[in-house]
Amino acid sequence: MSAPVVNTADRYGWVSIVLHWVVALAVFGLFALGTYMVDLTYYDSWYRSAPHIHKSIGLLLFAMVLFRLLWRLVSPVPHSLSNHKRWEKVSAKVAHGVLYLLILVAMVSGYLISTADNSGIDVFNWFTVPSLTGRQKGLEDTAGLVHYWATWGLLVLAVIHGAGALKHHIIDRDDTLRRMLGMSRRR
């Protein structure tokens, strides 16, 4: 059975599923690229390309996350499964809130790193996002520190989130993960 477009009371729609997995892949990919690019030297062939790709994907991801938050208003998430304990429901809500907060902090701080010198960010040579702050001395360093810790926190929490989904799938044998994969219920 294929997933509906919008979420229902008991399953995710395909829009939510696609947004979830694209954001997850982008977060892990951006983390890997960001970790790789900080050690590049001036003469490395990726010295200019890696930051350009990182910033471009980061800004597109920012737009996607904003759309995802709006989509949650239009299409609320399904109800928790009946076998979930109260602490699991509460921790899931807190974890999702912190994931959204960290991803937004990571993206805003990344934007501030790149625009603190009053330059815009060119997104894949399609368009330029201008600096909103103008030239701000010291902003790049402060935003860089915030970006570093926000991305590490985001990565750690995303891994815990994934481990929780696997726990529900393998140990509890419930439909938590199957719902986010667009699969039908277990029989």
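This is a predicted model: local features need pLDDT of at least 70, side-chain atom pairs count only at pLDDT 80 or more; totals for chains, interfaces and linings use all residues.
Six aromatic pairs are present in the structure. In one of them, Tyr 42 and Tyr 47, the ring centres lie 5.4 Å apart and the planes meet at 65°, so the arrangement is edge-to-face. Tyr 47 is partly exposed, at 33% relative accessibility. Tyr 42, Tyr 43 and Tyr 47 are joined by ring pairs into a cluster. A stacked pair is formed by Phe 67 and Trp 71, with centres 6.1 Å apart and planes at 25°. These two residues are four positions apart in helix 2 (residues 49-74), and about one helical turn therefore separates Phe 67 from Trp 71. Phe 67 is partly exposed, with a relative accessible area of 40%, whereas Trp 71, at 14%, is buried.

The largest pocket has a volume of about 1400 Å³. Its lining comprises 47 residues, and those closest to the centre are His 20, Ala 92, His 96, Leu 99 and His 161. Two or more lining residues are contributed by each of helix 1 (14-37), helix 2, helix 3 (86-115), helix 4 (139-171) and helix 5 (176-180). Helix 3 provides the largest share, twelve residues. By class, the lining consists of 26 nonpolar, 14 polar and seven charged residues.

The lining of the second largest pocket divides into 19 nonpolar, nine polar and two charged residues.

Technical notes:
Residues are numbered from 1 along each chain as its sequence is written. Side-chain values use heavy atoms; hydrogens and water are left out. Rings of Phe, Tyr and Trp (its six-membered ring) pair if their centres lie within 6.5 Å; planes under 30 degrees apart count as stacked, over 60 as edge-to-face and the rest as tilted. Buried means under 20% relative accessible area, exposed over 50%, partly exposed in between (1.4 Å probe, protein chains only). On a 1 Å grid over the protein atoms alone, a cavity is a set of points where a 1.4 Å probe fits but cannot get out, and a pocket is an open set with protein on both sides within 12 Å along at least five of seven lines; lining residues have an atom within 4 Å of a point. Grid points are joined across faces, edges and corners, and a volume is the space filled by probe spheres set on the points. Ala, Val, Leu, Ile, Met, Phe, Trp, Tyr, Cys and Pro count as nonpolar, Asp, Glu, Lys and Arg as charged, and the others, Gly among them, as polar.
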